[in-house]
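Here are my notes on the two chains, in numbered points. Have the model open while you read.

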Amino acid sequence: MADREERRGLVQGEDDSEPSPSSSKYGSSSEKQLSACCDPSRLLHRIVVLIFMCFLGFGNYFCYDNPAALQTQIVQDMDLNTYMFMQLYAWYSWPNVVLCFLGGFLLDRVFGIRLGTVIFSLFVCVGQVIFAAGAFFGAFWLMELGRFVFGIGGESLAVAQNTYAVSWFKGKELNLVFGLQLSMARLGSTVNMNIMGWIYSSVKGLVGSPGHTTLGITLLIGCATCIFSLICALVLGYLDKRAEKILNKEQGKTGEVIKLTDVKDFSISLWLIFIICVCYYVAVFPFIGLGQVFFIEKFSFSAEQARAINSVVYIISAPASPVLGFMVDRIGKNIIWVMCAVITTLAAHMMLAFTFWNPWIAMSLLGLSYSLLACALWPMVAFVVPEHQLGTAYGFMQSIQNLGLALISIASGYILDNRGYLFLEVFFSACVCLALIAVVMLYFVDLLRGGDLNLSAKKRGQLQQISDTEAEQRERLLQQNREDLAQLRPMSAFGLRNRYLSRLGAQDELKRLQNSLEHMNDGKYLVQNHQLKKDIENNIEKCQMNMQPFESKVVVIQRAWRDYIQRQDGLHQSCMEKRSPSPPSLSSGKMSTSISMNTLSDGSTPGPVQYVFTGWKNYDVI
Amino acid sequence: MGSVCREDASLRYDADPHNPPSEVRSDALFREGLTQSGQTTYTPRLIALDLKEASTVSVYSWCNSATIWEYRDNSTDQSQAAADSYFPPYSLEEFTWEDLNRTLNHSALTAQLCGRNQSQHRGRVCFQISAFESWGRDPAWPRLLHSANSSQLRFVIEGVMPRSNCSRFALELLSIDSRDHEAREETHRSIDDEYTPSIFQVSQLVSVHVNSSAPVLSYAQWKPVAYRTASPVFEDSTPCRHSPSSPPLPPPRLGLALAFFGGALDQGYRASAVNISFGIPGEPFYNATGYLSWSCLLGLGSPPEDSFSPLVLGIMVVGLGTPALLLLVGGAYVCVRRLGRQQPGYAPIN
């Protein structure tokens, strides 16, 4: 669950660069002068909004881990076994198997962000109240129902929170805001872990004896954080409405499009990423859910110590996430980082299983690797999925993550009841091993397909630059082509070619491109300029010879990877072409001809760049 | 009332099965079995219960004598219960004991001796004794690992009316041993809780020769856990504590001890006692279920040590082996492809 916000950040980080729809409009046109903290266009006001925004999710994160913080008390007071106890976590996850797909839709189309946020906050509140009531009356089924309702609100509330963040901070401090929200989420979990036990013993002192009544009152006190969050939702709604009025600002949208039919297009890399995600997280969250008693039983910790060490993963993750995220962004090589994270987690789990070493070591490792994995794994999805499918891919990833969490929570409770902690740890290790297998497979799949998941950030930046210029150029070309369409028709081919190439500045352009390609240090991408020119000349000569006098043809220079996301496909395609003994010519039609620029090296690997000279009539770009 | 078995006296390996000695049932209590190393062994096994003197004695070179204490647990911390919270101990001699022979199971090699307090008709205290033919584990928790050289003693309190509303029980184990031997109480941490979920300790009382590093002569081994129901699940376990073993005491002049060790009891032997209390502060009291069971393994030689089950080892080997193998195979494949590709498939165009 703790990764839903990371995912949102990624989806919405995409339009980070778009200018804010409103802020500049306001200012001179305002009739009454507002003080800085009430003026929606001012930084101070946004900071106020940010505070509410951060606390919007606080209650949710606080209450999510209530069962973990009160594990012994819940098990004793409600007379549960571990299997039933873990049902509390499973019931949280069940609704989210479906709601991951629906949350964005509900916010955008049905409720709108303001009403939606309030509704989801209400769900969280009501869920927690039902949960507490179940404990108060000693009815476990009511507690399960409470967790279910809580789950309906919880995950979608995180979506709403991030949508608010985008709508208020887009183009300004968005990444910082996401970072702050993340830290706030971790803070909520940590505070919960360390304070709930204390609240319980205080209530016990007041009531006089432990029991389900005490538990119910304790959970009801925990509900105060949810009510606090609900108030934040209401205030945010008001402020947003007010800003809309003053600034003519639009309601925020998640902008998420879910198309389930996209699932069939998912590549094997994406499925491997899903497997890593599920297998990794099921070894972390259910473990934290059961951690407290584990530390008490195995390492003879006191209850306070156990709670503290159980929250160490969250404590470490709060500061480590931004740092590690920055590092991964700068270095790239995502698969290697994921592999490191998975291996470290495996080591941590094995340490907990097979040694009596101080668990602070293992838990700190777990916290670090957990943060590292989140930073390296989630962005990978964006590299293997076209942008329009991102929403679906992330929704799907989260959905199966929740499914995995629900099932493994139940399974781990059952295992603990019957086989004990050693076997449970071995089971978690086995899950991490599965994740490791998937990472290794992903590494090789990526390597063999020449994918870019494991590129260094430097190379990635170069590719990005190239693809940007390409996209720009393509736009220009399209534009020109449209303009020229009418005028050019009667021109002779020769004149056309000259005109076209001169307008394009094709020679210069090619040289420039070639330079940047040469920077990509792999020798296989070496392009030789003169040869290229010659080839172009040759092909164009050929073109000319084939041309019918009445058919005007232009040469459209087109590149195989057209933007950052889709470059993958182009790569793959050109690889395939190259590998076959007689590369299928794209110029099979009489009107078009093609050359591959990347034949120019020593014939080992094709470069990703491909120029296709195609006939005018097949003008829509490949 | 007293039932004392001096079976070692009548032990014969070639006992005629058609003519068993009338008094001793050596076919039940003396069995050939396998040791951990697979050798055939024929261990004399004697578990003697002296009920008249309110003691349970199980003898190898050991004599364990038991006293049952009940105390009120008002403490909130881990400290010992106050002295005045102890009720008078149950004296087993006032119990009415059932016939042991009725519960003797010749195939499973178990016997159960139950007694009732005369003032209480419902509750009873039982000692279940199991002998083993080979290496294995009891199906019921705590699933202690046993060998043919060991027997298991299970102590059960069932339905005895508690004398306060926050009662706990404690058991005093008295062992009588030769003065040449030294009783040593050890508690190991064990990472393997697969057979006894959530218990990571093994406690044992071993007897070794004084002044030598000779192997352990005999032992009593238990896991610090008792169960609150007859068919326990995970939540029914309750932790036990045991006091450090007392300094050597002069052996008590119990009838059974005298009968077993004879006149040399005073000179050649000494006793040491260990108290085992069931439940710690914060755990539910005995009153919640009215049931307690605790198991202890008694045996000769070194106490058995737990090791990982084949399933655990298998999972770890497969789990760690598969990624390593995949890495090797994948690496080799990629290398081969790289090498293969360097041969000129296409000549440069110029």
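Helices and strands below are DSSP runs (H or I over at least four residues for helices, E over at least two for strands), numbered from the N terminus. This is a predicted model, where local features need pLDDT of at least 70 and side-chain atom pairs count only at pLDDT 80 or more, while totals for chains, interfaces and linings use all residues. Residues are numbered from 1 along each chain as its sequence is written, with chains lettered from A and ligands numbered from 1 in the order in which they are written.

1. Chain A overall. Chain A has 22 helices and 2 strands. Of its 622 residues, 51% count as buried, meaning that 20 or more other C-beta atoms lie within 10 Å of the residue's own; exposed means 12 or fewer, partly exposed is in between, and C-beta atoms are placed from the backbone. Take the contacts in chain A between residues at least 6 apart in sequence: 80% of them join residues at least 24 apart. A contact here needs C-beta atoms, placed from the backbone, within 7 Å.

2. Helix α7(A). How far apart are the end C-alpha atoms of this helix, residues 113–137 of chain A? They are 36 Å apart, which agrees with the 36 Å that its 25 residues should span at 1.5 Å a residue; the expected span is 1.5 Å times one less than the number of residues. Since 18 of the 25 residues of α7(A) are buried, the helix is largely enclosed by the rest of the structure. Gly138(A) follows α7(A), with a positive phi near 70°.

3. Lys333(A) has a phi near 55° and sits in the loop between α14 (312–331) and α15 (334–354) of chain A. It counts as partly exposed, because it has 18 C-beta neighbours inside 10 Å. Arg143(B) has a positive phi of about 50°, and its place is the loop between β9 (136–137) and β10 (145–146) of chain B. Arg143(B) is also partly exposed, with 17 C-beta neighbours inside 10 Å.

4. Strand β15(B). In this strand, residues 218–222 of chain B, 5 of 5 residues are buried. Both faces are covered: Ser218(B), Ala220(B) and Trp222(B) lie on one side, Tyr219(B) and Gln221(B) on the other. Strands pair if DSSP finds at least two bridges between them. β15(B) runs antiparallel to β14(B), residues 201–209, with 5 bridges, and Ser203(B) has Trp222(B) as its bridge partner. Another 4 bridges join β15(B) to β19(B), residues 291–300, again antiparallel; here Ser218(B) stands opposite Leu300(B).

5. Strand β12(B). Of the 12 residues of this strand, 167–178 of chain B, 10 are buried. β12(B) pairs with β18(B), residues 269–278, in the antiparallel sense over 9 bridges. Asp177(B) has Arg270(B) as its bridge partner in β18(B).

6. The annotated segment of chain B. An unreviewed UniProt entry places a "transmembrane region" at residues 311–336 of chain B; positions are in the numbering used here, feature names are shortened, and annotations may be inferred rather than shown by experiment. Over residues 311–336 the chain is 100% helix and 0% strand, with end C-alpha atoms 36 Å apart. Val329(B) is in helix α4(B), residues 310–342. Is Val329(B) buried or exposed? Val329(B) is exposed, with 12 other C-beta atoms within 10 Å. Its C-alpha atom is separated by 53 Å from that of Arg228(B), 101 residues away along the chain.

Conventions. Two residues are in contact if their C-beta atoms, placed from the backbone, lie within 7 Å.
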